[in-house]
Amino acid sequence: MKTITGSVAAARAIADHIDATSGRAVVLIDGGSGSGKTTLAERLTKLCPTAQVVHGDDLYPGWTGLSAVWDLSELTVKNRYRRWDWHQGRFAEQLTLDAHRPLVIEGCGVLTAMNAKQATMTVWCSCPYKARRDRALGRDEYFVDSWAMWAIQERLHQVRHDPEHLADVVVDLTTLTE
C-alpha cells in the first residue's frame with residue numbers, strides 16, 4: 001500500500017495509472033464523508049478528461065442507503081445505473097456509461113473486497129474526523145440532521161469491509177489545497 005499526501009499528487013498518480021492501464025481502467029475512491037473524495041475526483045477529471053465519474057450520492061437510495069454500493073457489479077459490468085433523485089426521494093432515470101472509457105467511482109462505501117476485484121486501482125481517502133465533519137456539514141445544510149446516522153453506516157462499512165486495507169493507495173487529504 002502506497003501513501004500519498006494531497007489531492008494534487010494523488011490525482012496525478014491516479015491519472016498516470018489510468019494512462020498506463022491497458023484496457024479499461026476502473027478506479028474506486030472511498031473514504032468517510034467530507035474526506036475529499038469528490039475534490040480528488042474533480043482534480044482527476046482535469047488531468048484525465050476521458051474518465052467517467054460516478055458519484056456515490058447518485059447511487060445511495062437516501063440517507064439510510066450506504067450499503068447499496070457494497071456491490072457495484074451492475075454498474076461496472078453492465079455499465080448502467082439508476083440515479084437517485086434526492087428531492088423526489090426515489091430513483092430517477094437510468095444512465096448508461098461508455099464501456100471503453102475509464103471509470104472512476106467515488107463515494108463512501110464503494111471499496112469492498114467484491115468491488116475491488118472489478119477495479120484496476122483502489123483508493124482510500126484519509127482525513128481526521130473533525131475536519132471531515134466540518135467540511136461535510138459546511139457544504140450541505142441538509143446533512144446536519146443525518147450526520148449521526150450516516151456516520152454509523154460509514155463505521156459499519158469500515159468494520160465490515162476494512163476498506164483502508166483493501167486500498168492500493170491511501171491519500172492523506174487533511175489539507176485539500178495541495
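In which sense do strand β1 (residues 2-5) and strand β8 (residues 169-172) pair, and over how many bridges? In this predicted model, strands β1 and β8 pair in the parallel sense over 4 bridges. The model is a prediction in which local features need pLDDT of at least 70 and side-chain atom pairs count only at pLDDT 80 or more, while totals for chains, interfaces and linings use all residues. Residues are numbered from 1 along each chain as its sequence is written, and side-chain values use heavy atoms, with hydrogens and water left out.

Helices (H or I, at least four residues) and strands (E, at least two) are DSSP runs numbered from the N terminus, and two strands are taken to pair if DSSP finds at least two bridges between them. The strands belong to an open sheet of 6 strands with parallel pairing and the order β1-β8-β7-β2-β6-β3. Its edge strands are β1 and β3, each of which pairs on one side only. Neighbouring strands of the sheet are turned by 20 degrees against each other on average, direction ignored.

Helix α1 (residues 7-20) packs against helix α2 (residues 37-47) at an angle of about 50 degrees, with the axes 9 Å apart. Axes are lines fitted to C-alpha atoms, for helices over the stretch in contact, and angles run from 0 to 180 degrees between N-to-C directions. The two helices α1 and α2 are therefore oblique to each other (angles under 35 degrees count as roughly parallel, over 145 as roughly antiparallel, 65 to 115 as roughly perpendicular and the rest as oblique). The contact (heavy atoms within 4.5 Å) is made by S7, V8, A10, A11, R12, I14, A15 and I18 of α1 and by T39, L40, R43, L44 and L47 of α2.

W63 lies in the loop between β3 (52-55) and α3 (73-78). With a relative accessibility of 25%, W63 counts as partly exposed (buried is under 20% relative accessible area, exposed over 50%, and partly exposed in between, for a 1.4 Å probe and protein chains only). Not counting residues up to four places away in sequence, W63 touches W86, D140, Y142, F143, S146, M149, W150 and Q153. The C-alpha atoms of W63 and D145 are separated by 10.0 Å, with the two residues 82 apart along the chain.
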